[in-house]
Amino acid sequence: MQSSDIPNEPVDYSPERRDFYRIEDRIGLEIRKLAPGTPLDGNAFDGDHLESLKAEFRRLDQDVKSQLASLAEKDRLLTGLIKSLNGKLDTLARIMAFEQNPLQPEDWQDVTLSEGGLSFFSSTPAWHPGDRLAVRMTLPPELFQPQAHARVIEVHPDSSGGARVHTEFSRIDDGDRQQIARHVMRWQIRQRQKE
């Protein structure tokens with residue numbers, strides 16, 4: 001697996017997808033099939049007009065994190081309060097974004113998810129090994145929306161006429177991969193608390 005020294009730089013993943021911990025979860029899933037030859041640097045989910053705002057948000061978030069590190073040495077109580085307020089603003093922003101573009105009930109489905117890819121059920125046999133997809137996931141309860149390009153690696157038809165589609169992420173920004181990793185970790189913690 002290659003890694004990137006540059007934050008938010010896309011990472012290409014190798015076929016070693018079994019190195020990642022998998023979870024069974026119910027998430028919002030939006031999928032767009034990419035035509036052959038489509039460049040992998042575009043946004044397939046109509047968010048291009050927001051890219052400059054998102055970049056500004058990421059820059060401000062990094063500024064807050066770096067300033068909190070130096071503030072933590074001087075005043076832990078104030079640092080804790082600012083972290084809480086920052087988290088509250090992040091959550092509010094995600095809720096507002098989600099309310100602007102809510103997913104329909106059919107967009108929520110059970111998947112197997114890892115940092116390396118996901119598998120999902122398709123009610124139609126529309127997918128074939130080698131197909132390239134743009135994927136946007138909505139991960140509850142935080143409502144993070146990581147995006148990735150994926151490649152279909154296996155399709156297992158079932159008796160209902162649908163199929164289980166297995167994919168691997170072929171291109172994903174490091175920040176989106178980290179959101180998936182945090183979601184998987186939090187899912188594991190919630191499962192342990194239920195035991």
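**Notes on the predicted model**

1. As general background, nonpolar side chains tend to be buried together in soluble globular proteins.

2. Leu 113 is a handy place to look around. Leaving out residues up to four places away in sequence, Leu 113 touches Tyr 21, Arg 22, Ile 23, Leu 118, Met 137, Leu 139, Phe 169, Ile 180, His 183 and Val 184.

3. Next, helix 3. Residues 174-194 make up this helix, 21 residues in all, and from first C-alpha to last it reaches 30 Å, close to the 30 Å expected at 1.5 Å a residue.

4. Have a look at Glu 115, in the loop between strand 3 (108-114) and strand 4 (117-122). Glu 115 has a relative accessible area of 18%, so it counts as buried, the limit being under 20%. Its side chain makes a polar contact with the side chain of Arg 177, at 3.0 Å. Beyond its neighbours within four places in sequence, Glu 115 is in contact with Phe 20, Phe 169, Arg 177, Ile 180 and Ala 181.

5. On to the rings. There is 1 aromatic pair in the structure: Phe 120 and Trp 127, edge-to-face, with 6.2 Å centre to centre and 85 degrees between the planes. Phe 120 and Trp 127 are both buried. Separately, Arg 182 lies over the face of Phe 144, 5.9 Å from the ring centre.

6. Check the backbone at Pro 140 and Pro 141, which are joined by a cis peptide bond with omega about 0 degrees. Most peptide bonds are trans. Pro 141 sits in the loop between strand 5 (132-138) and strand 6 (147-157).

7. Last, Gln 67 in helix 1 (residues 51-72). With a relative accessible area of 54%, Gln 67 is exposed, because the cut-off is over 50%. Gln 67 and Thr 79 are 12 residues apart along the chain, and 9.5 Å separates their C-alpha atoms.

Methods
Residues numbered from 1 in each chain as written. Predicted model: local features only at pLDDT ≥ 70, side-chain atom pairs only at ≥ 80, totals over all residues. Heavy atoms only, no water. Helix = DSSP H or I, 4+ residues; strand = E, 2+ residues; numbered from the N terminus. Buried < 20%, exposed > 50% of the residue type's maximum accessible area, 1.4 Å probe, protein only. Polar contact = N/O pair within 3.5 Å; in protein donor to acceptor, adjacent residues only side chain to side chain. Contact = heavy atoms within 4.5 Å. Expected span 1.5 Å × (residues − 1). Phe/Tyr/Trp six-rings, centres within 6.5 Å; stacked < 30°, edge-to-face > 60°. Lys NZ or Arg CZ within 6 Å of the ring centre and 35° of its normal.
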